[in-house]
Amino acid sequence: MTQEIALYQVDAFAERPFTGNPAAVCPLEDWLPDEILQAIAMENNLAETAFIVPDGDDYKLRWFTPAIEVDLCGHATLASGYVVSTLLEPGRERVTFHSRSGPLTVARDGERFAMDFPARRPTPWDALDQVEAAIGIRPQALLSADKGLAVLASQAEVLAVVPNFPRIEALPVKDGLIITAPGEDCDFVSRYFAPHAGIPEDPVTGSAHCVLTPYWAERLGKSKLTARQVSARGGQLEVEDRGERIGLTGRVAPYLEGKIRVPR
């Protein structure tokens, strides 16, 4: 016996299709067994598959990479907000999702979508030699807040990094490695590597900007910043430091609507 589930694939933090970070969103009436959720994410083979279940006027939200369930994901939350407010409840202006990281809101902002996320302020991290061996460049500064944060001298250095994924996976940090530097046409740029989660390089990472935003807001002395993740697909974000929370704003480009069949 099988059942059909709707699936929507959306490019998040994308100015146009085939850029940004693709996420799948699967609306459910109730949770399926965890092994089925993980199998769907593995079959989709995207950085994240989001599953949403109605919770009164709100929704419960979980995220899975092809390998693991994660505690926080920005681009798949943005995609979920788009799916709810555009396809499931057309015209809805604001959606609250309840997640492992607490309540997360997505609100319409013209043609963009604005999210409210927890800030994760990084503190100094003593792993310079290991990080240099993993990325081939010695960082100017090294911090962490679950994710490691390596600060490089320039956008050119960030682009030039050829990551050694086994060494990155072996780093003494919970959730992968961000590399960052001042941007040439924005306030800062970044890349993010998460081989431990089955994502060698993530195209555009909302949760990484929970770490990046407080760092760059303090360094540059302003609360609102423009950011670009300079992966091969690339993506743009507007971010805001709000103390214990941050704002993340971006556009979406819908790509696919379909149905999948899974065991009942």
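Which residues does Thr 205 touch, not counting residues up to four places away in sequence? I found Tyr 192 and Gln 229, with contact taken as heavy atoms within 4.5 Å.

Ground rules before I go on. I am reading a predicted model, where local features need pLDDT of at least 70, side-chain atom pairs count only at pLDDT 80 or more, and totals for chains, interfaces and linings use all residues. Residues are numbered from 1 along each chain as its sequence is written, and side-chain values use heavy atoms, with hydrogens and water left out.

**Entry: Thr 205**
I placed Thr 205 in the loop between β14 (199-202) and α6 (206-220). Helices (H or I, at least four residues) and strands (E, at least two) are DSSP runs, numbered from the N terminus. Thr 205 is buried, with a relative accessible area of 4%. For the record, buried means under 20% relative accessible area, exposed over 50%, and partly exposed in between (1.4 Å probe, protein chains only). I also checked the C-alpha atoms of Thr 205 and Tyr 192: they are separated by 7.2 Å, with the two residues 13 apart along the chain.

**Entry: Asp 241**
Next I turned to strand β16 (residues 235-241), where Asp 241 is found. Is Asp 241 buried or exposed? It is buried, at a relative accessible area of 17%. Its side chain makes a polar contact of 2.8 Å with the side chain of Arg 121. By polar contact I mean a pair of N or O atoms within 3.5 Å; within protein, one must be able to donate a hydrogen and the other to accept it, and residues adjacent in sequence count only if both atoms are side-chain atoms. Leaving aside neighbours within four places in sequence, the contacts of Asp 241 are Arg 121, Thr 213, Pro 214, Ala 217 and Ser 223.

**Entry: helix α3**
In α3 (residues 128-135) I noted Val 131, Ala 134 and Ile 135 as the buried residues. Seen down the axis of α3, they fall within an arc of 80°, so they line one face of the helix; the arc is that of the directions from the helix axis to the C-beta atoms. A reminder to myself: an α-helix has 3.6 residues a turn, so residues three or four places apart point the same way. What do the buried residues of α3 pack against? I listed β10 (141-145), β11 (147-151), α5 (165-169) and β12 (177-182). Just after α3, Gly 136 takes a positive phi of about 80°.

**Entry: helix α1**
For α1 (34-44), I wrote down Ile 36, Leu 37, Gln 38, Ile 40 and Ala 41 as buried. Their cover includes β2, β3, β4 (58-64), β5 (69-70) and β18 (252-263).

Most residues other than glycine have a negative phi. Asn 45, which follows α1, has a positive one, near 55°. I found Asn 45 in the loop between α1 and β3 (48-55), and it counts as exposed at 58% relative accessibility. Phe 13 is not a glycine either, and has a positive phi of about 55°. Phe 13 sits in the loop between β1 and β2 and counts as buried at 0% relative accessibility.

**Entry: Phe 18**
Last stop: Phe 18 is found in the loop between β1 (2-12) and β2 (21-27). At 60% relative accessibility, Phe 18 counts as exposed.
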